[in-house]
Number of protein chains: 2
Amino acid sequence: MRFELTKEYIAEFKNLISNQDEKTVTDLMSKLHAADIAEIYYDLNIDEAKFIFLLLDGDKAADVLAELEEDDRIKFLNSLPSDIIAKQFIDHMDSDDAADILGDMSEERKDEVLSFINDVEQAGDIVDLLNYHEDTAGGLMAKELIMVNEKWDVETCVKEIRKLAQEVDEVYYVYVVDDDDILKGTLSLKRLIVSQSSTLVSDISNKEIISVKADLPAEDAAIIAGKYDLVSLPVVDSIGRLIGRITIDDVIEVIQEKAEKDYQMVSGITEDVEPTDRVWVLTRARLPWLLIGLVGGVFDTQVIGNFESALAQYASMIFFIPLIAAMGGNVGVQSSSIIVQALASNTIGYDSLFKRLLKELSVAFINAIILSALIFIFSFLFYDSIVLSISVSVSLVIVVVFASVFGTFVPLALDKFNIDPALATGPFITTVNDITGLLIYLSIAHFIFSNFS
Amino acid sequence: MRFELTKEYIAEFKNLISNQDEKTVTDLMSKLHAADIAEIYYDLNIDEAKFIFLLLDGDKAADVLAELEEDDRIKFLNSLPSDIIAKQFIDHMDSDDAADILGDMSEERKDEVLSFINDVEQAGDIVDLLNYHEDTAGGLMAKELIMVNEKWDVETCVKEIRKLAQEVDEVYYVYVVDDDDILKGTLSLKRLIVSQSSTLVSDISNKEIISVKADLPAEDAAIIAGKYDLVSLPVVDSIGRLIGRITIDDVIEVIQEKAEKDYQMVSGITEDVEPTDRVWVLTRARLPWLLIGLVGGVFDTQVIGNFESALAQYASMIFFIPLIAAMGGNVGVQSSSIIVQALASNTIGYDSLFKRLLKELSVAFINAIILSALIFIFSFLFYDSIVLSISVSVSLVIVVVFASVFGTFVPLALDKFNIDPALATGPFITTVNDITGLLIYLSIAHFIFSNFS
């Protein structure tokens, strides 16, 4: 019932294309959902892709194009003339998808494509949407929606729906406005169906409207849609006039992109990459944080250099250098990621900074005592040196506590200044805590060794 | 228009509760969405929470309860008698939310609550749903849906919707079945509204059904709903009979939980925690990976111990120990997280393991050469030792390449054996690469120093 893409299917599909078997390919694609064809697309080269797009009718071709990853879509469209893009694709798309595509083009190319669009209303909608930044609610919304006047009755509503049914997909609600287009409520199709024809819209509409302003960040709009379980979120201008709606598929995309971005940050990757990307793209995404790690390592050499004579004198101090550095890094990443995730999902609570750090201190202290006790026992049993054991375990407590507080404080501070707190996770926290941990350990060990051994 | 929870609002709200001002509290809550009241709930103690729940009518009380985090909900319900739980909450809930709540209870308590439910059909639905594991499509689905026979006409459909309208919320589609309840298609309310009363359902229904079996893992069901942009996903039994539907809010929840889990894994946290959790919970979530890191550090001491005399003789080898360990860890996390994310989003592609590792090798090699060249220049300029510079840069190439391949291979292997590949990210990869990196570096440096200096 559901399509499962296999290696064999793709091989067969590519074979049919190379035989120019238009009929069989068309038949196969007629059974597939646009999202499935998009999945197949990734295994085709540009010529094969052109072949299948020419066989699809306008609506389905537009749907497939809308499903493609941005990079692939740009590459494919670059190989097509502007009039084909306009007539084969843009004319058949929802305004939000069309605006996304035109937003990726150069000014010149964009104007050329717009000039080839047949439907003036569609072209107008796209131009309107291009005014909004892509990371705002306005950048997510589509203009296609059904608007009804609060003074209408159910019968007039139904007529309006009939009129617009072809043009607007995914209609679950109609939006109720006054004579000035100010959003006054929503009316579900279910409610509409179960009401009498003569009932006034304003008597059955839901007036507890949840809407967002067009300039709200896209991520905030997605959080709101998710919080209130909305399948579409109306967007209003600064005086409350309805100007568009965000559909749930866009909400899910924003949620996923945000989650992927945070995940990449904590893993030290600076771009959205897939294993299928080219070597150069994958390298570019990974090099920046490695360079920062390298600079951190260079600082480490300096820290150790400062303790060169101590390390020569008390060689057993060296043994625990990697352990201390690693623990500082691990603890720091844990602390910062709890804060980053809570900020992202809005479950951070209302505690004051002081209370928050105090709590973090308690957690850190319990962990630190347990870890220190274990390492004390190990080092005492294994190296039989009370001086070494005390040095390592005391340092570990201080390093763990420091790393926790630092890992908690930095993302909170970044968030305060409206910088993405996820920046503070991963390699940054690890690197800083490596160096600090090393400095703390060597200082304490040096002091204890030189005074008590 | 939209509610923003502030510290002041909560203080005022708690003040009204302590004054037992039922009227004002009821008024305030009538203006709030259930999701907003749930947000306020987190700042109330059990007695305050009971006070507000008693003021809410059954439907809204049930909605608020469904919005609460699982832990908080369990705690609150533990303080209530079974008959109140049944009559004030479960009777008013959707079957999926009700089953989630009863699924968290002991067998005894569950049976007691079930015995107090007035609506026999609701009790039956809940008992049915409790048979499915919570991590499957069956565990996500609700029984509330509108089913129409393919032989009916539009008018009969509308009558059915009128009949069930009270009971079923969020109706966007009706499901078309044959006489045996086998799912045959879907029919959107929009299509229903624009069609003539006498039209046959089978003539206007969408027969390209996307459905899932009840035993499909919940995460796979969410991926399917997301891929095909569905606002609700029908669930069928093994012979294709319609048994429930998954709504989009549950899909979003699964997507978010999966993303949070992966994020926690890569950060070394073993439970879903919030900064507002108790100190003990936060400690418990963080200790396991720290212990693994500690064991890794203990291995590090052994590795260094093996090179003790070499390190005493060639002291400058010590300087670069933290750098090499950190780079191995960073590179390993990057490689593994790219694979984990691609597996999660199904963008992994169809390359063979060999081709994949070859590509990873190329990326690793380019990064390694750049990093090595930089560290060569630094160490040569700063320490003026060609032996040290060669040791460090050669080791760095090998460590980076090894960490990349290891970071790519391990999650792929885990996935092959149906173990969550995310397990391989974060502290595990870091710890293994720390130790291996150290061993590689000290071996190479020892060899070069003892032969060429």
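Helices (H or I, at least four residues) and strands (E, at least two) are DSSP runs, numbered from the N terminus. The model toured here is predicted: local features need pLDDT of at least 70, side-chain atom pairs count only at pLDDT 80 or more, and totals for chains, interfaces and linings use all residues. Residues are numbered from 1 along each chain as its sequence is written, while chains are lettered from A and ligands numbered from 1 in the order in which they are written.

**Stop 1**

Select Asn418(B), which is found in the loop between helix 21 and helix 22 (427–452) of chain B. Its phi is positive, about 60°, although Asn418(B) is not a glycine. With 7 other C-beta atoms within 10 Å, Asn418(B) is exposed; a residue is buried if 20 or more other C-beta atoms lie within 10 Å of its own, exposed if 12 or fewer, and partly exposed in between, with C-beta atoms placed from the backbone.

Next, select Asp384(B), in the loop between helix 20 (353–383) and helix 21 (386–416) of chain B. Asp384(B) is likewise a residue other than glycine with a positive phi, near 50°. It is exposed, with 9 other C-beta atoms within 10 Å.

**Stop 2: chain A as a whole**

The C-alpha atoms fill a box of roughly 90 × 60 × 45 Å along the principal axes. The radius of gyration of chain A is 30 Å, whereas a compact globule of 453 residues would have one near 22 Å; the radius is taken over C-alpha atoms, and the globule rule is 2.2 Å times the number of residues to the power 0.38. Of the 453 residues of chain A, 48% count as buried.

Contacts (C-beta atoms, placed from the backbone, within 7 Å) may be considered next. Among those in chain A between residues at least 6 apart in sequence, 72% join residues at least 24 apart.

**Stop 3: helices 8 and 9 of chain A**

Select helix 8 (residues 95–103) of chain A. Because 8 of its 9 residues are buried, helix 8 is largely enclosed by the rest of the structure. The buried residues include Ser95(A), Asp96(A), Asp97(A) and Asp100(A), together with Ile101(A) and Leu102(A). Their cover includes helix 5 (58–67), helix 6 (70–78), helix 9 (107–116), helix 10 (120–129) and helix 11 (137–140) of chain A.

Move to Leu114(A), in helix 9 of chain A. Leu114(A) is buried, with 20 other C-beta atoms within 10 Å. Not counting residues up to four places away in sequence, Leu114(A) touches Ala123(A) and Ile126(A). For a sense of scale, draw a C-alpha to C-alpha distance from Leu114(A) to Ile398(A): the two are 284 residues apart in sequence and 63 Å apart in space.

**Stop 4**

Select strand 2 (residues 173–177) of chain A, which pairs with strand 3 in the antiparallel sense over 5 bridges; two strands pair if DSSP finds at least two bridges between them. Val177(A) stands opposite Leu183(A) in strand 3. The hairpin of these strands has 5 residues between them, and there Asp181(A) takes a positive phi near 70°.

On the other partner, 3 bridges join strand 1 (residues 147–149) of chain A to strand 2 of chain A, and these two run parallel. Asn149(A) has Val177(A) as its bridge partner in strand 2.

Which residues point each way from strand 2 of chain A? Tyr173(A), Tyr175(A) and Val177(A) point one way, Val174(A) and Val176(A) the other, and all are buried. Strand 3 (residues 183–188) of chain A has 5 of its 6 residues buried, so it is largely enclosed by the rest of the structure.

**Stop 5: the core and the two copies**

Select Ala221(A), Ile324(A) and Met327(A) with Ala221(B), Ile324(B) and Met327(B): of the 278 residues in the largest nonpolar core, these touch the most other members. A nonpolar core is a set of buried Ala, Val, Leu, Ile, Met, Phe, Trp, Tyr and Cys residues joined through C-beta atoms within 7 Å. Beyond its neighbours within four places in sequence, Ala221(A) is in contact with Ala137(A), Leu140(A), Val212(A), Leu216(A), Leu233(A) and Ile246(A).

The same surface serves both copies, since 100% of the contact residues of chain B recur in chain A.

Note on methods: Two residues are in contact if their C-beta atoms, placed from the backbone, lie within 7 Å.
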